[in-house]
Amino acid sequence: MKIQDHFRNSIKKAQEENKKIVLAGCVPQAQPRQDYLKGLSIIGVQQIDRVVEVVEETIKGHSVRLLGQKKDNGRRLGGARLDLPKIRKNPLIEIISINTGCLNACTYCKTKHARGNLASYPIDELVDRAKQSFQEGVCEIWLTSEDTGAYGRDIGTNLPTLLWKLVEVIPEGAMLRLGMTNPPYILEHLEEMAKILNHPRVYAFLHIPVQPASDSVLMEMKREYCVADFKRVVDFLKEKVPGITIATDIICGFPGETDQDFQETVKLVEEYKFPSLFINQFYPRPGTPAAKMEQVPAQVKKQRTKDLSRVFHSYSPYNHKIGERQQVLVTEESFDSKFYVAHNRFYEQVLVPKNPAFMGKMVEVDICESGKHFMKGQPVSDAKVYTPSISKPLAKGEVSGLTKDFRNGLGSSGSHTSAASQCDSASSRMVLPMPRLHQDCALRMSVGLALLALLFAFFVKVYN
C-alpha cells in the first residue's frame, strides 16, 4: 500500500471512531495544507517537546499547528532538547539524534521538505546525554540522523571529533553504533573513521546508501556522488577495518532507470554481497521533482525489485563463521520470544539461549548455526559474563532524563514520599511513584509520553 494511502486511511478510521487526532512526522510537516489534514492538529518535527500542550488543546476541541523551526540568535537548532524526560522502548539502548535535516536536495525525498537544512546538536550536549544514559544503565548507544556523516558542518566541527569525545565516556563492554551516512560527507574523513570503527567500544558497522549503481540515475537523483565514490568508501573501510559490516540501500525503478542501469546495480550486489541490504521499489512522493519525471512502468519496478531480492537471497553471509568464538552484547528478546538477541563486534545478529543472567551483558559464545540474517551462539561453559553497565538499568516504562528543575518542581508540589521517588546520586535518575504525584502533573506527563510513543511507533511502522 502506498504510504500516503496508509496515512489517509489511518486518519479516516480514527475520524469514523470520533477520536481526537494529533499528527506528527514528515508528511504533515511537509504538506500541512492537504485537504485530508484540514482541521487536524499537527506537531512539527522540531516541536515534539510540546506534545502535551497540543494534546490538551486538541482534547478541548481546538486545532493546533506547531510547524516552526527552533532557533537561537538566528541559528537553526537541531530540534527538541536532548535532556527532556522520555521512556526508552528498550531500557538498555539509548537512541541519540545528533543532527536533523541534511545538506542534500535529492529529487525523490520528502524529508528535506519537512526537516530543512542541516542543524547539528553541540558536542557537549551529545556527550552529556551519553553520560546520563550510561548512568541510567544503558549499555548500547545508537547515533541517528538523516546523514550522520554531515554532522557538525553547520557549527564548525565534524563527525570524527564528536565520536572521539563520545568514546571517552563509553564504559568498558558498552558499545556505540553509528547511523546512516551518505558517501560524500564521509570521504574526507576515511582515515579517522577507520580508526574509530576499529575501537573496541564501537561496532565495526556502517550504513552507506548507494541507491542505484548507475551514475546517470544518481545524477537524476541529485545524490552528489558517483558509484566510484561509494566503492572507494567501502573498499577503504573493508581494507582498514577487517570484517566490517557494510549495510546499504537500493531503490529500484527510479525514473529513467534502464535495464542496463539496473544490471549495474545487480553486479554491485553480486560483487560486494552486502549482508544487510534494504531494497525499495521507487514510489513518487507528491510535490517532489521526481514525481514529475516520466515514470518506469509499475510492473517493471516490481520485477526489478523481485530480481534484486532473489540475488540478495542467493548467498549466505555468515556460513563461514560457524565454529568461531565471539564476544556478543545481549540487549533484547527475539520476536518469537524463543531467544535473546545479541550482536557481535560487527553488529551481526547472534541469537543466544534465554538465560536472564545474559540480558544486558557481554557473553562469550561459540557460533553453531547460521541463517540469512542471523547466527546462533552457544555460551562457552567456563566463560565470564561481563556487565558493561555502570549502574542498574531503568525498569521498563521508567522515565529517563528528568532534569533538576523538573525534580525540584515535583518536590515543591508535595510529592515527597517513599525512597523510590528520591534521586539516585550515582545515576541521577528518579522512579516516579505515579499514584502519589500531583494528579495534573501525572496526567500531563503520562498522556504526553504515551502519545509520543504511539506516534513514533506508528510512523516507524508506516515508513519502514
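Biologist: How do helix 6 and helix 7 lie to each other, roughly parallel or roughly perpendicular?

Modeller: Helix 6 and helix 7 are roughly parallel. The class covers angles under 35 degrees; over 145 is roughly antiparallel, 65 to 115 roughly perpendicular and the rest oblique. This is a predicted model: local features need pLDDT of at least 70, side-chain atom pairs count only at pLDDT 80 or more, and totals for chains, interfaces and linings use all residues. Residues are numbered from 1 along each chain as its sequence is written, and side-chain values use heavy atoms, with hydrogens and water left out.

Biologist: At roughly what angle do the axes cross?

Modeller: The axes of helix 6 (residues 159–167) and helix 7 (residues 190–197) cross at roughly 20° and come within 10 Å. Axes are lines fitted to C-alpha atoms, for helices over the stretch in contact, with angles from 0 to 180 degrees between N-to-C directions. Helices (H or I, at least four residues) and strands (E, at least two) are DSSP runs, numbered from the N terminus.

Biologist: Which residues make the contact?

Modeller: Helix 6 brings Leu159, Pro160, Leu163 and Trp164, and helix 7 brings Glu192, Met193, Lys195 and Ile196. Contact means heavy atoms within 4.5 Å.

Biologist: And helix 5 with helix 6, at roughly what angle do they cross?

Modeller: Roughly 30°, with the axes of helix 5 (residues 123–135) and helix 6 coming within 10 Å. That makes helix 5 roughly parallel to helix 6. Ile123, Leu126, Val127 and Ala130 of helix 5 meet Thr161, Leu162, Lys165 and Leu166 of helix 6.

Biologist: New topic. Where is Pro183?

Modeller: Pro183 sits in the loop between strand 10 (175–177) and helix 7.

Biologist: Is Pro183 buried or exposed?

Modeller: Pro183 is buried, at 0% relative accessible area. Buried means under 20%, exposed over 50% and partly exposed in between, with a 1.4 Å probe and protein chains only.

Biologist: What is Pro183 in contact with?

Modeller: Leaving aside neighbours within four places in sequence, Pro183 is in contact with Ile208, Pro209, Tyr225, Phe230 and Val233. Its C-alpha atom is 8.8 Å from that of Glu224, 41 residues apart along the chain.

Biologist: Which residues of helix 9 are buried?

Modeller: Val227, Phe230, Val233, Val234, Phe236 and Leu237. Their cover includes helix 7, strand 11 (205–207), helix 8 (215–221), strand 12 (245–252) and helix 10 (259–272).
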